Amino acid sequence: MARYVYTTGYHFQDLHEMRENELSSLEFRMLSKGEESNCKGQLTKKQPLLECVCHLYIFFGEDYFLAPQSPAMSDPITLNVGGKLYTTSLATLTSFPDSMLGAMFSGKMPTKRDSQGNCFIDRDGKVFRYILNFLRTSHLDLPEDFQEMGLLRREADFYQVQPLIEALQEKEVELSKAEKNAMLNITLKQRVQTVHFTVREAPQIYSLSSSSMEVFNANIFSTSCLFLKLLGSKLFYCSNGNLSSITSYLQDPNHLTLDWVANVEGLPEEEYTKQNLKRLWVVPANKQINSFQVFVEEVLKIALSDGFCIDSSHPHALDFMNNKIIRLIRYR
């Protein structure tokens with residue numbers, strides 16, 4: 001028979017869900033300041049004892065474990081969220097009782113502890129600061145260049161802070177309206193340089209070789225941060241045999257600089273990695289971009305599908321045809 005041992009604290013409600021015959025088969029003991037009292041017997045749903053439970057230990061023979069119930073909380077509370085520590089008050093964490101945090105820290109849900117005894121939540125620690133600030137102020141405060149709206153929305157969904165979810169929806173509508181009118185400007189440069197490399201002709205026999213190499217540079221500016229993210233989902237660097245999104249090379253939310261090379265005749269694959277020569281690919285077409293003409297065509301496809309059109313007033317037609325400057329605008 002399982003034995004339940006209690007210490008006083010706050011409500012433990014899970015036992016209310018047990019059937020009467022299950023409760024009557026359980027033996028309990030009340031602990032007071034670490035010592036057993038003489039209160040011993042069977043549980044029924046009518047007993048007020050269920051209203052003052054803190055720690056619930058379940059014993060099966062000689063083995064026991066802590067049942068899923070949070071220990072009593074006291075201020076201040078330190079949280080370990082994905083390895084990042086935050087210190088706050090119980091009132092802040094329970095400011096929205098219907099949220100997951102409200103349930104966790106009012107004793108309705110279990111909490112985990114790290115090795116230091118801090119409450120542990122296995123979620124993203126970086127964006128939790130914005131969630132915690134919302135719990136404190138009921139206002140959504142984000143930096144101007146905030147780039148993790150999708151992640152923050154998922155975290156808000158996880159914690160089920162409904163007013164925060166609604167505030168994020170309003171913020172996204174606001175950003176979407178601001179993104180409707182946009183400008184895209186691309187400046188292109190190309191040069192030819194010589195690359196030197198070794199070629200293995202036979203075991204322990206190498207020869208020095210060289211070849212001309214086309215090097216491309218694209219300086220991209222857009223008032224639409226979302227468009228640059230869209231561009232980053234289509235264009236990828238190929239380096240060391242792997243594809244990596246160009247979004248990791250964003251200088252700021254509105255500015256991106258790309259540098260890549262065309263295929264070099266006779267250059268061994270390992271030399272691209274050794275000399276840090278990146279090639280550019282477009283997906284899902286899986287096409288390598290070996291010329292500015294192909295680059296311009298692919299960027300135009302992406303931009304036009306996102307509502308951009310060519311600005312007829314600028315740049316000069318010759319500059320556009322010669323792939324030197326591209327300017328597109330979007331009006332919605």
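Trainee: Which residues does His139 touch, not counting residues up to four places away in sequence?

Mentor: Contact means heavy atoms within 4.5 Å. On that basis, His139 touches Asn133 and Phe134. This is a predicted model, in which local features need pLDDT of at least 70 and side-chain atom pairs count only at pLDDT 80 or more, while totals for chains, interfaces and linings use all residues. Residues are numbered from 1 along each chain as its sequence is written, and side-chain values use heavy atoms, with hydrogens and water left out.

Trainee: Is His139 buried or exposed?

Mentor: Buried means under 20% relative accessible area, exposed over 50%, and partly exposed in between (1.4 Å probe, protein chains only). His139 is exposed, because its relative accessible area is 52%.

Trainee: Where does His139 lie?

Mentor: Helices (H or I, at least four residues) and strands (E, at least two) are DSSP runs, numbered from the N terminus. His139 lies in the loop between helix H4 (128-137) and helix H5 (149-159).

Trainee: How is the packing of two helices described?

Mentor: The description uses the angle between their axes and the distance between the axes. Axes are lines fitted to C-alpha atoms, for helices over the stretch in contact, with angles from 0 to 180 degrees between N-to-C directions. Here, the axes of H4 and H5 come within 10 Å and cross at roughly 55°. The contact is made by Phe128, Tyr130 and Ile131 of H4 with Leu152, Glu155, Ala156 and Tyr159 of H5.
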